[in-house]
Amino acid sequence: SSRSFDWDNGTHFKQLQSIMIKCCDISNEVRPFNVAEPWLECLLEEYFTQSDREKCEGLPVASFMDRNKVTKPTAQIGFIKFVLIPLYETLCELFPEIEATMLQPLKDAYVYYESKKLEEDLAKDDYDRNKTCQALLDE
């Protein structure tokens, strides 16, 4: 909490600087959707290209980089929930004024990607059901 943070402690201040740099580095989802979305597309394509090359070379592939296993929502949900939100919540303890401008957009993005994942899941269920029905009709 902010009560245990000592602004005069050089170690605390260096750690805060490191955390703030990390927040800047991974802050894409804090930005408005129309800004964040193209950057996310680029990042996912970079991951997918790397994993495609790794597959061709017979190397192990990280599941979060595999285009056959990852969708935009699944890529973002865990990252936002387990990395971004806790990191920004911690920063909000020292700087409560950033909650509305940084933490809330992350929570909104999380809800957005959860709803997109639900849409994908429902569409897949419909596709699977139609495929099964068609197979039964073809018998």
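## Helix packing and selected residues in a predicted model

At a relative accessibility of 47%, Phe-64 counts as partly exposed. The structure described here is a predicted model, and Phe-64 sits in its loop between H2 and H3. With neighbours within four places in sequence left aside, the contacts of Phe-64 are Tyr-47 and Val-70. Its C-alpha atom lies 9.1 Å from that of Phe-48, a residue 16 positions apart from Phe-64 in sequence.

Val-61 is also found in the loop between H2 and H3. Its relative accessible area is 25%, a value that falls between the limits of 20% and 50%, and Val-61 is therefore partly exposed. Residues up to four places away in sequence not being counted, Val-61 touches Ser-51, Glu-54, Lys-55 and Asp-66. Val-61 and Gln-50 are 11 residues apart along the chain, and 8.8 Å separates their C-alpha atoms.

Ser-51 has 0% relative accessibility and so counts as buried, because buried means under 20% relative accessible area. Beyond four places in sequence, Ser-51 is in contact with Val-61, Met-65, Asp-66 and Arg-67.

The next topic is the packing of the helices. Two packed helices are described by the angle between their axes and the distance between the axes. The table gives these values for two pairs.

| Helix pair | Angle between axes | Distance between axes |
|---|---|---|
| H1 (residues 10-25) and H3 (residues 72-94) | about 130° | 11 Å |
| H2 and H3 | about 100° | 11 Å |

For the pair H2 and H3, the angle of about 100° makes H2 roughly perpendicular to H3, because angles of 65 to 115 degrees are classed in this way. H2 contributes Glu-37, Leu-40, Glu-41 and Leu-44 to the contact, and H3 contributes Lys-72, Ala-75 and Gln-76. By class, the residues of this contact of H2 with H3 comprise 3 nonpolar, 1 polar and 3 charged.

For the pair H1 and H3, the angle is about 130°, and H1 is therefore oblique to H3. The crossing in which H1 passes H3 is left-handed. On the H1 side, the contact involves Leu-16, Ile-19, Met-20, Lys-22, Cys-23 and Cys-24, which meet Leu-87, Tyr-88, Leu-91 and Leu-94 of H3. The contact of H1 with H3 divides into 9 nonpolar residues, no polar residues and 1 charged residue.

Two of the H1 residues in that contact are the cysteines Cys-23 and Cys-24. The structure contains 0 disulfides. Cys-24 is accordingly in no disulfide, and the nearest cysteine sulfur, belonging to Cys-23, is 6.9 Å away, whereas a disulfide requires sulfur atoms within 2.5 Å. Cys-24 has a relative accessibility of 57% and so counts as exposed, although Cys-24 takes part in the contact of H1 with H3. Cys-56 likewise counts as exposed, because its relative accessibility is 72% and the limit for exposed residues is over 50%.

Helix H4 covers residues 99-138, and Ala-109 has its place there. With a relative accessible area of 9%, Ala-109 is buried. Ala-109 touches Glu-29 and Ile-80, residues up to four places away in sequence being left out of the count. Ala-109 and Tyr-88 are 21 residues apart in sequence, and the distance between their C-alpha atoms is 14 Å. Tyr-88 is one of the H3 residues that meet H1.

Technical notes:
Residues are numbered from 1 along each chain as its sequence is written. This is a predicted model: local features need pLDDT of at least 70, side-chain atom pairs count only at pLDDT 80 or more; totals for chains, interfaces and linings use all residues. Side-chain values use heavy atoms; hydrogens and water are left out. Buried means under 20% relative accessible area, exposed over 50%, partly exposed in between (1.4 Å probe, protein chains only). Contact means heavy atoms within 4.5 Å. Axes are lines fitted to C-alpha atoms, for helices over the stretch in contact, and angles run from 0 to 180 degrees between N-to-C directions. Helices (H or I, at least four residues) and strands (E, at least two) are DSSP runs, numbered from the N terminus. Angles under 35 degrees count as roughly parallel, over 145 as roughly antiparallel, 65 to 115 as roughly perpendicular and the rest as oblique. A crossing is left-handed if the near helix is turned anticlockwise from the far one by less than a right angle, and right-handed if clockwise. Ala, Val, Leu, Ile, Met, Phe, Trp, Tyr, Cys and Pro count as nonpolar, Asp, Glu, Lys and Arg as charged, and the others, Gly among them, as polar.
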